[in-house]
Amino acid sequence: MSRSFASCSRASSSSCARSAGRRPSLEARDAALSLVGLSLALVAYVLLGGYGTLVNVALFGLVGALLFGPDALLSGASAQDAGGPHAAAMATGFVNGVGSLGWILEGLLVPPLVAAFGWGALFPVLVVLALAAALALAPTLRGPVAAPG
């Protein structure tokens, strides 16, 4: 039995496929696409949100789905893949801990931004942050990883 086969039998199927050189991370690709979609949905919400309650609710729901989809992918499956079979819990805990810093910073940064520039300034900032997060995933979207040894 080869060494890569033995390690693949203990790891998840997506990390095995990457280590065998078959495909890049599908979770990261889906998260990046969702984040780009989130930036577009935020722009649509600003432009079209005032066209009635139904449009407002539909766009708000789309923003929520595109926001929490990447959160679930990156803090769950991708973090476990990155940690491997022996450090999955540690990697997931680290990712969730760093994510909690975002909630703390939000509470400190949003009120002064809104007070200085109004709620209309918040949406462009959110669009930029969503696109920055998608760009941060770019290194994981490269082609297949070369097979080890």
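S34 sits in helix α3. Helices here are DSSP runs of H or I, at least four residues, and strands are runs of E, at least two, numbered from the N terminus. This is a predicted model: local features need pLDDT of at least 70, side-chain atom pairs count only at pLDDT 80 or more, and totals for chains, interfaces and linings use all residues. Residues are numbered from 1 along each chain as its sequence is written, and side-chain values use heavy atoms, with hydrogens and water left out.

Is S34 buried or exposed? S34 counts as buried because its relative accessibility is 18%. Buried means under 20% relative accessible area, exposed over 50%, partly exposed in between, with a 1.4 Å probe and protein chains only. Leaving aside residues up to four places away in sequence, S34 touches L66 and P70. Contact means heavy atoms within 4.5 Å.

Next, the core. The largest nonpolar core has 12 residues, including A31, L66 and V127. Such a core is a set of buried Ala, Val, Leu, Ile, Met, Phe, Trp, Tyr and Cys residues joined through side-chain atoms within 4.5 Å. Which element gives the largest share? α3 does, with six residues.

Last, L62, in helix α4. L62 counts as partly exposed, because its relative accessibility is 39%. L62 and A41 are 21 residues apart in sequence, yet 6.8 Å apart in space, C-alpha to C-alpha.
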